[in-house]
Amino acid sequence: MEKHTLFNLIDEKQLDRHVQTLTQWDRLSGEKEAEQAADYIAEQLKQYEIQYECHQFDGYFSDPIQGQVTVISPENFNIRAKARSYSLHCPEGIKGDVFYDIYSEKPDSGMHPGDRYTNLKGKIVVSWNYYEDYVKKIESAGTVGLIHIWPSPEKVIHEETVGTVWGTPTIENADQLTKIPVVGITYDDGIHLIKQIQKEDIKVILKTEIQTGIKRVSLPMAAIPGNTDQYILISGHYDSWHKGATDNAGGNALLLELARIFSSMSGKLTRGIKFAWWPGHSNGRYAGSAWYCDQFWHEINENCIAHINVDFPGTKGGINVLPRSSSIEDRSLLDDIILYFTGKKPNHFAFLPRGADQSFWGTNIPLHFQLKYEPNEVDKLYQTPGGNWWWHTEEDSYDKVDLELLARDSKIHTSLVLELCNLDVLPLNLIDFVKNSSRIIGDIDRCSDEQFDFTPVYKMLDRLSEKVTALSKKERVKVEDYNRLLKTVGGTLNRLMFSCSSKYEFDNTFPFQPFPGLSKAKNIFSSSVSPEEFLFTITYFVRQRNRIVNEVKDLCLIIDDYLRSN
């Protein structure tokens, strides 16, 4: 079946039906209405006569119920607030003096007074920063609570999380869970609070109500077999904050529609397709995709050649499509597809973020994608992932979905999936990836103390560059063997660039920079941090350097074996 025939099968009415049905429910993982959504997805797959199953598992979830900030001195007034998922359950409240962290106004460059965090001991901190690494840092310094100000002026308060652990905690990392109450407030209320703090000392009572514990959830899966064991995994979370029309009922509808139209291709594709609707994205820190990776690690490691995550398609105003990936693919793959359906070539590229159910860095998947949908620059008014004020709020309702854009985004994904299913050779550009890796590591090196020695990394990347260049010139006698090599090499390089843990574990949820193990050295100088912090950082750096050098060395040996035997 030709691509254009498949595109013509995309049915806007079917997409609309799915979105309308799913947005009648508040889909918080483990709750009744989320399970109704999972049942609906499974029922549609049954009607389409597609092979499916619905896994069930126990996970650790954190549901924020309410937050409250009451200023009690020198005057008394309340500030609207929302508790953050995975913050401390503190319904009786914590009373304390407020401290404004002025250094949170700008990204942390590592250049700040040595007593920045010691000044926060015993205080309830007001800050523009709520990222998990910051929360743990101020918690370790003795902060007793955090009030986070949203950085753009929308009137709504967004749901968010301060969970530090990826997926369900283990006995090794459960102690890393956040131990202070955290709430979010609006920009306007934050500015008002800062002005009050700058005039006089303020005391507040900070209350949070959180329900955190074990819940059983459902994970619908569907499979369309190909002519080989290899497959593409395409996924999106079905749980949401509130009705979650754009985040992510539109994505759920897109997956259902792709499952329907590709069902006619069963047995006709070179590679198969697996569809997954994840629970636990919002209140479980990617618990669904992490559980699936744990349970099916060997199968994914052996046969999955691409993971496409779908989030926010069909959002009103999302007229521009931005390619996001691990950057290892041939750049023209996404650029050409986006150009065809939008009429314009993407003007920039972004790495995949630390989030969005990217739970598969340890499984040798060579290709990872997640498209982003954005308004024009002039219309980017809000600091949310899609630039939309309603993100993660009660206002993310059916009227925020643009069905024409949802149909367009469905066609884009149809084209991408079909390409990946039938391409003879996996579309990896190893030469450019290695070159880009050297540039990124060079940037980290230039922004760190000279005692961080990157020389062994440079030498090993130069050696790898020679090997992948030789590989590119080698005639491909057996395409199957060549693709197997690309899966191993590409999957390993992705893991090194996007994670710092083992193949079998998940990194924490802290903000991401490429080569996260090495990037811990960025902006760390012996003159700007304590001797203890410098020692701890350089010790960690050396271990991460050893990891990268040894794994790249192993890849060079694997490529040598292939070149000799083919």
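A cavity is a set of grid points where a 1.4 Å probe fits but cannot get out. The views below come from a predicted model.

**View 1. The largest cavity and its lining.** The structure holds two cavities of 30 Å³ or more. Sorted by class, the lining of the largest cavity has six nonpolar, six polar and five charged residues.

View 2. Two or more lining residues come from each of helix 11 (430–446), helix 12 (455–473), helix 13 and helix 15 (531–565). Which classes of residue make up this lining? Ten of the residues are nonpolar and one is polar, and there are no charged residues.

**View 3. The second largest pocket, with helix 13 in its lining.** This pocket holds about 410 Å³ of space. Of its 18 lining residues, Gln230, Glu302, Asn303, Glu480 and Arg484 are the closest to the centre. Helix 8 (297–303) and helix 13 each give at least two residues to the lining. The largest share, six residues, belongs to helix 13. By class, the lining of the second largest pocket divides into two nonpolar, nine polar and seven charged residues.

**View 4. A stacked pair of rings, Phe498 and Phe512.** The search of the whole structure finds 26 aromatic pairs. Why does the pair of Phe498 and Phe512 count as stacked? The ring centres are 5.1 Å apart and the planes meet at 5°, so the pair is stacked; the cut-off for stacking is planes under 30 degrees apart. Phe498 belongs to helix 13 (residues 479–498), while Phe512 is in the loop between helix 13 and helix 14 (516–519), so the pair ties together parts that are 14 residues apart in sequence. Are these two residues buried or exposed? Both Phe498 and Phe512 are buried.

**View 5. An aromatic cluster of Phe, Trp and Tyr residues.** One aromatic cluster is formed by Phe57, Trp278, Trp291, Tyr292, Phe296 and Phe360.

**View 6. Charged side chains over the rings of tyrosines.** Arg84 lies over the face of Tyr130, and its distance from the ring centre is 5.9 Å. In another place, the ring of Tyr231 has the charged end of Lys274 over it, 4.5 Å from the ring centre.

**View 7. Strand 1 and its two antiparallel partners.** Strand 1 (residues 51–73) pairs with strand 7 (residues 203–224) in the antiparallel sense, over 21 bridges. Where this pairing is shown, Thr70 stands opposite Ile205 in strand 7. Strand 1 also runs antiparallel to strand 2 (residues 77–83), and five bridges join them. Gly67 has Ala81 in strand 2 as its bridge partner. How many residues does the hairpin between strand 1 and strand 2 pass through? The hairpin joins the two strands through three residues.

Definitions and conventions. Residues numbered from 1 in each chain as written. Predicted model: local features only at pLDDT ≥ 70, side-chain atom pairs only at ≥ 80, totals over all residues. Heavy atoms only, no water. Phe/Tyr/Trp six-rings, centres within 6.5 Å; stacked < 30°, edge-to-face > 60°. Helix = DSSP H or I, 4+ residues; strand = E, 2+ residues; numbered from the N terminus. Buried < 20%, exposed > 50% of the residue type's maximum accessible area, 1.4 Å probe, protein only. Lys NZ or Arg CZ within 6 Å of the ring centre and 35° of its normal. 1 Å grid on protein atoms, 1.4 Å probe; cavity = no way out; pocket = protein on both sides within 12 Å on 5 of 7 lines; lining within 4 Å. Points joined across faces, edges and corners; volume = space filled by probe spheres on them. Nonpolar A, V, L, I, M, F, W, Y, C, P; charged D, E, K, R; others polar. Pairing = 2+ DSSP bridges.
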